[in-house]
Amino acid sequence: MKPIIRIVDLWKRYNSDEQDGIALRGANLEVMPGDIIALFGKSGSGKTTLLNLIAGLDKPTHGLIEIEGKNIETMNENGRTELRRNRIGFIFQFFNLLPTLTAFENVLFSLELVGKPDKNAVLEALHAVNLHNKEHRYPHELSGGEQQRVAIARAIVKKPAIILADEPTGNLDTNTGTQILELLVSQCHTLNTTLVMVSHAINTCQFANRFMKMTDGILVEEASCEGIDF
Amino acid sequence: MKIVIKAFLRYLLRRRSLSILQLLGIACGVASVVGMTLSARSALSSFNEAVEFLRGKATHLIERPAGSMEEDVIAKIMHDPAVDFLAPTIDRRIRLTNEGDLIRVLGIDPFLDRSIRPEIARAVTSEEEGISRDAFFDFLLKDKSVFIDRNLANQLKISKGNALETSKGNLNIVGIFSNPSGEPLILMDIGHAQKLFDMSGNIDRIDLILNDETAFRLRWDAGFKIESNRQRRETLTALLGAFRLNLQALSLLALFVGVFLIYNTAMFTVVNRRRDAGIMRSLGASRREILWAFLSEILLFGVTGGAIGGLLGYLLSRFLTGLMGSTISSLYFFLNPSPLSWSWWNIAAGITLGCGASIFGGISPLIELIRTEPAKTIRGRTYFRMSPKTVKNVSLIGLGVITLSALLLIMSFLHVYVGFAGTFVFLLGVSLLTGWTLTICVPPMRRLFNLIGKTAGKIAAGNILLNMNRTSIAVAAFMIALSMSIGLGSLINSFRQSLIWWMNSQLRGDIYISTRGDVEVPLDFYEELKKIKGIGGIDIFRTLQTTYNNTPVYITSIDASVLQKYARFGWVKGGDENWEPVKTGSVIVSESFARRFNIKKGNTIYVKGINGPAPLSVAAIFYDYASEHGVIMMDRSTFIDLFNDHTINSLGIFVDPAQQDKQSIIEEVKRRAKNRGLPTSTQEQLHNRILSVFDNTFAVTTSMRIIAIIIAFFGIAGALMTLFVERQREFGIYRALGFSTKQIACITFLEGIGMGIISFIMSIGTGTALAFILIKVINLRSFNWTIFYHFSLNPYLVTFLTALFASIGACLYPLWKVYKTYPQMQIREE
């Protein structure tokens with residue numbers, strides 16, 4: 001089986017005035033379809049940078065990133081946009097719902113980008129995340145947990161090959177966080193979607209089958225959560 | 001991509017107050033440009049219509065170089081084979097009542113005029129026009145019978161059968177006619193007009209239709225001035241040249257401030273939506289989709305704001321047209337321009353301008369936004385802080401732009417438009433230094449605000465710096481408006497002071513007889529006054545408009561001996577010894593004449609007199625503000641030799657300084673003038689009247705100053721509102737930390753005041769520099785006269801108060817929002 005994500009000697013250096021330094025120092029990684037990966041690490045260790053690079057939201061300083069066997073460095077902007085649009089779902093710590101769209105419209109937005117604005121699919125996705133009564137509410141009318149559910153529905157509705165989740169429970173209480181993770185992972189299992197999630201929370205361990213630790217830009221795979229500092 | 005656009009457009013509804021402010025900003029920007037342009041067009045087209053209406057089908061006119069022409073010339077010209085048709089004309093002005101407007105009176109021969117001005121002739125003869133046979137006979141046979149145009153009749157609320165009160169007695173209105181031009185007109189039979197204006201046996205000119213211009217000129221050139229229509233039109237157009245230039249400058253100024261504000265608004269739109277764009281990009285929206293979504297939002301603003309602006313601009317033009325008519329009437333001749341009629345093109349022009357400027361304003365941040373990696377844009381406003389390096393780079397670009405403006409200003413000798421370009425480039429350059437100025441001004445302001453509002457004060461000052469990408473644009477827009485206020489204020493003040501200096505040096509007579517254009521002073525009255533004991537000298541003044549090198553100029557005659565003794569002319573070079581050669585046939589010319597025709601002291605100029613072109617030596621150049629067209633001044637003896645014209649327009653009487661009872665001599669002159677029905681003015685009255693005309697002429701400029709301030713007000717208000725809307729989460733944190741509503745209001749208020757103060761500080765230097773540019777470059781190139789810079793605190797004080805009140809005004813709505821919404825604010829991500 002070929003890896004769905006392959007990263008080889010990936011470096012990212014920030015030279016802007018605001019962030020001077022190296023975020024990634026030669027990261028290597030192979031992710032198989034259906035893997036559920038938990039990526040741990042302290043703030044500023046480079047986790048979010050890695051996700052952004054995988055999604056083509058940022059450009060690496062050096063190294064190779066392959067998604068489904070295609071080098072994203074060789075893709076032009078349209079190619080990267082198509083990749084995000086069709087093959088990748090993104091879930092953020094701060095939800096990042098579009099404030100002027102209802103829950104329903106936020107989810108429909110993903111399908112519209114794909115070119116299949118199927119309203120039934122949107123309702124099903126919202127149903128799957130237990131939000132079937134709240135589809136016409138705007139983000140500010142929803143709780144944090146509910147907003148994150150909308151974000152999950154938005155990510156899964158287009159049935160992507162990969163979901164990248166940047167601390168999806170970081171802004172939620174433990175119980176809600178656990179519920180969200182259960183929901184997310186179950187959806188990924190159902191659709192055989194690969195999930196890479198950045199986390200600080202110990203409860204993430206029970207949902208992942210692979211564990212990664214990022215320290216000062218260096219990525220190391222751990223056999224379990226036992227050696228990881230939370 | 002319906003949802004992307006929907007997401008953007010809903011934002012406008014959600015933040016209605018901000019959207020309305022932004023919309024009003026664009027509308028005001030567009031309104032100022034449309035209003036100024038329409039009113040300028042209206043005034044100038046009314047002028048052109050008046051010229052065309054009076055010209056009719058005439059191809060040429062013939063007149064004496066100065067003064068009136070003997071009527072027996074008509075018979076001789078009539079038999080000239082080059083003449084197809086002719087019409088003798090008396091073209092004078094009459095004052096309504098004693099202090100009313102000067103109205104043009106055209107004395108015509110309705111029979112001969114049929115071929116030259118059929119519209120006018122038909123107006124008094126044709127029954128089709130509703131003119132009865134009786135009215136026509138009255139017009140021909142009864143003294144003081146006139147036709148007046150419908151607009152004038154409506155304005156004065158008089159009709160056929162009524163009397164029209166004038167300074168030359170009542171005129172009987174026997175008919176009303178339609179006049180498509182903006183210049184009020186009274187028609188009179190030429191014979192009656194001769195009587196009314198004491199011109200027995202004389203006429204002003206003959207309008208001609210020629211079949212052979214060259215042959216006619218050969219036969220009639222000596223002693224006459226023959227002007228073709230083209231020359232006439234050029235002369236009259238040149239008459240309003242400087243005024244037209246002034247309007248163009250004001251329109252451009254309106255455009256600059258308007259576009260700046262629209263730019264400001266469009267840029268806010270893009271900057272505000274940075275994070276949303278990042279989210280969409282991360283979810284797979286393409287650059288093009290984001291670009292279209294932004295453009296649809298910007299264009300919606302442009303179209304709506306532009307349409308509202310087009311409508312407001314039309315309404316504004318109705319007001320400004322009146323002001324322009326009043327300025328033209330004060331400076332040149334009475335014109336009552338009608339505002340242009342409503343046209344949907346006004347809306348179309350507004351939309352084009354609104355959209356164009358919005359795209360221009362939004363395009364740079366938009367390109368930057370879509371080029372940036374989504375990972376950066378998703379961080380939204382926190383990322384978009386201006387780094388010291390960026391501030392430095394922008395400031396360096398600003399300095400480069402200012403250097404470029406200096407080059408353009410130096411090169412303004414090529415054309416005044418180069419000077420205009422230099423001025424606008426200068427303002428643009430200074431606005432690029434706003435970021436740097438903020439970094440200099442905010443630290444001391446922080447200490448000051450700390451004293452006023454403690455922590456809230458410090459936060460307010462910090463916010464101005466922290467949100468520099470927004471505040472700097474608003475401060476720049478406001479600074480430009482305030483600089484315009486200081487610059488134009490200083491220009492007007494300096495001009496006024498220069499004018500006062502000029503009046504005190506040239507118009508030093510103790511009393512003046514007839515300084516009004518419609519009254520002439522009889523020669524025997526001059527002789528009578530000379531006999532009064534105690535009068536040291538009388539200056540006999542005569543002025544006439546003529547052309548020099550096909551450009552309108554004025555020739556004036558004075559008594560050089562009297563002026564040498566009593567006046568204190570401001571000479572460009574030399575002193576009162578310059579009068580000596582004037583007494584023996586040389587002339588002096590005004591600075592504007594010398595600059596316009598590149599004449600220097602000692603040059604010889606040729607002026608066409610009754611015996612053909614006469615060489616006149618230029619003895620000196622003097623400072624003068626009487627006419628921007630240029631003045632050739634000569635002694636009366638030289639003038640009479642040249643033109644054989646003995647007309648006296650006014651007398652300036654100088655009482656012998658040794659006389660004890662100066663006032664009684666003045667009273668005696670007044671009494672005698674009154675007996676002759678001649679108006680008098682003391683020196684003070686004359687000076688006041690000139691200053692009043694001066695103030696009138698700057699009414700349009702003053703309106704422009706006010707409009708600029710209003711536009712800038714919306715700029716500041718929009719910036720404050722944007723900051724308020726953007727910082728809802730931050731306010732939630734303040735609330736959680738225990739900040740009271742009053743403290744948040746204090747932050748908002750001090751931010752507004754702080755931006756106003758920094759704008760004012762910048763405008764002190766920029767406005768002063770602008771004043772120098774306007775005085776030393778634009779004015780000099782437009783009017784060819786030197787205005788001396790006079791410092792006055794007044795424009796600065798007025799501008800400071802304007803800045804203060806506009807800033808407070810701009811804070812009011814955000815403050816109201818604070819009091820209304822802050823108590824419910826929570827820390828929420830969205």
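In the predicted model, B:N784 lies in the loop between α29 and α30 (794–821) of chain B; helices (H or I, at least four residues) and strands (E, at least two) are DSSP runs numbered from the N terminus. Residues are numbered from 1 along each chain as its sequence is written, and chains are lettered from A and ligands numbered from 1 in the order in which they are written. The model being predicted, local features need pLDDT of at least 70 and side-chain atom pairs count only at pLDDT 80 or more, while totals for chains, interfaces and linings use all residues.

The phi of B:N784 is near 65°, a positive value in a residue other than glycine. Most residues other than glycine have a negative phi. B:N784 counts as partly exposed because 19 C-beta neighbours lie inside 10 Å; a residue is buried if 20 or more other C-beta atoms lie within 10 Å of its own, exposed if 12 or fewer, and partly exposed in between, with C-beta atoms placed from the backbone. The positive phi falls just after α29(B). Helix α29 of chain B, formed by residues 741–783, bends by about 35° at B:L774, where the bend is the angle between axes fitted to the seven residues ending at a position and the seven starting there. Of the 43 residues of α29(B), 32 are buried, so this helix is largely enclosed by the rest of the structure.

Chain B as a whole contains 30 helices and 20 strands. Its C-alpha trace spans about 95 × 70 × 45 Å along the principal axes, and 49% of the 830 residues in chain B are buried. Two residues are taken to be in contact if their C-beta atoms, placed from the backbone, lie within 7 Å. Of the contacts in chain B between residues at least 6 apart in sequence, 84% join residues at least 24 apart.

Three domains divide chain B: domain 1 (66–222), domain 2 (433–506 + 703–830) and domain 3 (508–671). These bounds come from an automatic or database domain assignment. A distance of 31 Å separates the C-alpha centres of domain 1 of chain B and domain 3 of chain B. The contact between these two domains takes 8 residues from domain 1 of chain B and 8 residues from domain 3 of chain B. On the side of domain 1 of chain B that touches domain 3 of chain B, strand β3 (residues 83–95) of chain B gives the most, with 3 residues. The residues of this side divide into 4 nonpolar, 2 polar and 2 charged; Ala, Val, Leu, Ile, Met, Phe, Trp, Tyr, Cys and Pro count as nonpolar, Asp, Glu, Lys and Arg as charged, and the others, Gly among them, as polar.

B:P522 is found in the loop between β12 (511–513) and α20 (523–530) of chain B. With 12 C-beta neighbours inside 10 Å, B:P522 counts as exposed. Although B:P522 and B:T647 are 125 residues apart along the chain, their C-alpha atoms are separated by 7.8 Å.

The contact between the two chains takes 22 residues from chain B and 28 residues from chain A. On the side of chain B that touches chain A, at least two residues each are supplied by α1 (2–14), α12 (274–283) and α15 (374–377) of chain B. The most comes from α1(B), with 6 residues. This side of chain B comprises 8 nonpolar, 4 polar and 10 charged residues.

Chain A has 6 helices and 10 strands. The radius of gyration of chain A, taken over C-alpha atoms, is 17 Å, close to the 17 Å that the globule rule gives for 230 residues, so chain A is as compact as a globular protein of that length; the rule is 2.2 Å times the number of residues to the power 0.38. The C-alpha trace of chain A spans about 45 × 45 × 40 Å along its principal axes. Buried residues account for 48% of the 230 residues in chain A. Of the contacts in chain A with a separation of 6 or more, 69% involve residues 24 or more positions apart.

A:D9, in strand β1 (residues 5–15) of chain A, has a positive phi of about 45° although it is not a glycine. A:D9 counts as partly exposed, with 13 C-beta neighbours inside 10 Å. A:E222 is found in strand β10 (residues 218–222) of chain A and, with 14 C-beta neighbours inside 10 Å, counts as partly exposed. The C-alpha atoms of A:E222 and A:M212, 10 residues apart along the chain, are separated by 5.7 Å.
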